[in-house]
Amino acid sequence: TIDGATLNQAFKRFKEVADRKKQVTAMDLAALVTDELRDAADSWTLVSFEVVASNSRPPHAQVRLADADGAEHSGDFFGDGPVDAIFRAINAATVRDAKLRDFRIGMVGEGQDALGEASVVLEVAGQSASGQGVSTDVIEAAALAYVRALSNCERHVAREAALTP
């Protein structure tokens, strides 16, 4: 079930995808709705990002994230590649030392118009968690997955702390 702000955001993303793709499939719609439902539970949200990559200098990423209270945090970093740069920029913005344990990229649908889907497993303070992201841009999908995995790690750490006397 999806309603309210989550439905509005899913519809907004549908329109963005429809503007970029020739055809939006039922699989695309399911992926977008699932992605929005994941986003509704996150303590960190990706507000914006910029990545500059070339073969003549190290890739550089800048990100803006919002925390659970809506306060914005910025980070920037150079990396070994554009995805590494954006992951490190997210760590800089959140002031977290998240360790990447697994990263996978796939696609939802077929052909050149397929949506990119990323999965990330992170470890923060001894807690591991995963996150997924979907976008027409694989770098954005990777950033969404990383931010969600970070949010999930922080929820696990907070839950463990609450259970410890």
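**Aromatic pairs in a predicted model**

Mentor: This predicted model holds two aromatic pairs.

Trainee: Which residues form the edge-to-face pair, and what is the angle between the planes?

Mentor: Planes over 60 degrees apart count as edge-to-face. Here Phe 87 and Phe 103 are edge-to-face, with 90° between the planes and 5.4 Å centre to centre.

Trainee: Where in the chain do Phe 87 and Phe 103 lie?

Mentor: Phe 87 is in helix α3, residues 82-94, and Phe 103 is in strand β4, residues 99-108. The two are 16 residues apart, and the pair links distant parts of the chain.

Trainee: Is Phe 87 buried or exposed?

Mentor: Buried means under 20% relative accessible area. Phe 87 has 4% relative accessibility, so Phe 87 counts as buried. Phe 103 has 30%, so that residue counts as partly exposed.

Trainee: Why is the pair of Phe 87 and Tyr 146 called stacked?

Mentor: Planes under 30 degrees apart count as stacked. The planes of Phe 87 and Tyr 146 stand at 20°, so the pair is stacked, and the ring centres are 4.3 Å apart. This pair also links distant parts of the chain: Tyr 146 belongs to helix α4, residues 138-163, and lies 59 residues from Phe 87 in helix α3.

Trainee: Is Tyr 146 buried or exposed?

Mentor: Tyr 146 counts as buried, because its relative accessibility is 2%.

Trainee: Which residues form the aromatic cluster?

Mentor: Phe 87, Phe 103 and Tyr 146 make up one aromatic cluster.

Terms used
Residues numbered from 1 in each chain as written. Predicted model: local features only at pLDDT ≥ 70, side-chain atom pairs only at ≥ 80, totals over all residues. Heavy atoms only, no water. Phe/Tyr/Trp six-rings, centres within 6.5 Å; stacked < 30°, edge-to-face > 60°. Helix = DSSP H or I, 4+ residues; strand = E, 2+ residues; numbered from the N terminus. Buried < 20%, exposed > 50% of the residue type's maximum accessible area, 1.4 Å probe, protein only.
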